[in-house]
Amino acid sequence: MTPDVVIIGTGHNGLVSGILLARAGLRVTMLEAATVIGGATRTERPFPRVPELQQSTGSYLLGLMPPELMRLLEVEIPVVRRDPHYFLPTSTSRYLLRGSQRIDNGIYSDADRRADDAMQAELAQLREDLAPAWLANPGSVEETAERYIRPSLRQTFVDLVRGSVLDYLKRFDFESELLISMYAVTDGLSGINAGPDDPGTGHNFLVHNMCRLPGADGTWMITRGGMGTVSRMLADKFRSLGGVIRTSARVAGLSTSDGVVTGVVLDSGEEIDAKAVLGACDPYELIRLAGDAFPAPLRSHMLARQRTGTTLKVNLALSGLPRFTCDPPGQVFGSTIHLLPGSDGDQPLARLRRMWAQVQAGELPDEPTIEWYLHTTVDPSLSDAAGHHSSALFVQSVPYGVELGSYVDKLLSICDYYAPGTSSLVADSFTLTPQGIESHFGITGGHIHHVDNTVSFNDRMPYFTGLAGLYAGSAGCHPAGSVIGAAGHNAAQAILQDLPAH
Ligand SMILES: Cc1cc2nc3c(=O)[nH]c(=O)nc-3n(C[C@H](O)[C@H](O)[C@H](O)COP(=O)(O)OP(=O)(O)OC[C@H]3O[C@@H](n4cnc5c(N)ncnc54)[C@H](O)[C@@H]3O)c2cc1C
């Protein structure tokens, strides 16, 4: 039967759209180029030498999906709070554990505690104000401030969204450069092609502080069974509503007639007609598929904002748990473990800036910023019978296209610096450079957010492309890249406005 809507791509956003469109009574077919569903939201078994160990190969934490969207979808994704959620080790006895308690051995001063409390309080207010904007059509930054943000924080919001993460953090008078670096790297630089002084990194920081899941207390959470649980549960719901998913079905182009999109053509030559086509692939793939039919002004707008990815993810199978020199109390392995340049106190921010200068010069940074994860300690269901641990090194910035050579060994030697002997625990690895992310997950340029999160609100890809019958609903749209689902929701609303439900 001819579908009403064809969705290109089965990432979480496409699946969210599929559920809402199918529930409204439309016939929906999803077409996925890969052999598996989920896009960058998958649980896989990527280790040939440890074949039963499971891993979230792409995204690994769920934080930003609005709880009201989950309720609307009637999907309850099982998440686990990480407490502590941050662990900042050094090579000496100093460390920081940040969770429901702040356990600190020589990192915070009293001024840092006050600064941290003030910043968290302000972010909680911004989070609360901005939340409804994520499930609506975007306006400009100023319109968003006017419509959603309390008057006392409007200018702060505009400055944050347009400005740099370091300028925002400076406002709170932290004394420790290391703390500033930790917040700047993990929330400001994550996934983007930008350095800590660049405009728009403030928007990425705000996005990463939009965690509102119940019980999260503003933190990112671990999904039981890995991130594939998200896509599996969404796909199950979609199918239960009569939706059809076809994998190994790459869309090669769009069919048009008199300036209206009438369907898609697969690379096998098969044609599928539809009243509407939704690109849940990245916007640059959609622009490519539409060819000359795509509206020229929007194409120029999007191409001017196109960046390649800078994320390196080294997925690791470990035979045991590392032992940190700083010897933190309790269970720290569920947290984001921040391995930062200058962690022993020597010029962390100057070294962070040098890291980014090297990436801009096309070099692998001598002193990379690393987030280290070990999720089997919190979710043992990922483990194999031998008890291997699922772990990963998430490196914020490497140049696109660079040869890694022995760089993974260098990253492991940095782990050894904080936790001697770690490299000897590595049973296998599965490394994804930006090019690897491009080919493994099918994202143009390997950019994990599709469009840099320095680009915000109505500067991102619109839900309606301006070409009749063609819509977009992926991470490259408002509100942002990450596992959120709001773009899928908003794109479905745009289609339902134009294509009344049966
Ligand atoms: C290594 C890595 C780590 C990340 N970590 C996190 C994290 O911890 N938390 C978080 O929230 N976010 C994280 N992200 C970002 C997040 O995963 C993405 O922003 C998000 O998954 C994008 O979802 P999407 O549904 O919009 O698109 P995608 O997941 O990119 O899905 C698009 C789908 O379209 C398909 N497709 C493309 N072209 C075609 C075509 N021509 N025909 C048919 N199908 C096509 C692709 O194969 C893909 O399956 C990470 C991403 C990566 C890669």
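Modeller: Two strands pair if DSSP finds at least two bridges between them. Strands (E, at least two residues) and helices (H or I, at least four) are DSSP runs, numbered from the N terminus. The model is predicted: local features need pLDDT of at least 70, side-chain atom pairs count only at pLDDT 80 or more, and totals for chains, interfaces and linings use all residues. Numbering starts from 1 along each chain as its sequence is written, and side-chain values use heavy atoms, without hydrogens and water.

Biologist: How many residues does the hairpin between strand 4 and strand 5 run through?

Modeller: Strand 4 (residues 86-89) runs antiparallel to strand 5 (residues 95-98), with 4 bridges. The hairpin that joins them passes through 5 residues.

Biologist: Which residue of strand 14 is the bridge partner of phenylalanine 87?

Modeller: Strand 4 also pairs with strand 14 (residues 336-339), parallel, over 2 bridges. Toward strand 5, phenylalanine 87 faces leucine 97. In strand 14 its bridge partner is isoleucine 337.

Biologist: Is glutamate 44 buried or exposed?

Modeller: Glutamate 44 sits in the loop between strand 2 (28-31) and helix 2 (67-73). Because its relative accessibility is 18%, glutamate 44 counts as buried.

Biologist: Which residues is glutamate 44 in contact with, beyond its neighbours within four places in sequence?

Modeller: Contact means heavy atoms within 4.5 Å. By that cut-off, glutamate 44 touches Leu53, Gln54, Gln55, Thr57, His440 and Phe441.

Conventions. Buried means under 20% relative accessible area, exposed over 50%, partly exposed in between (1.4 Å probe, protein chains only).
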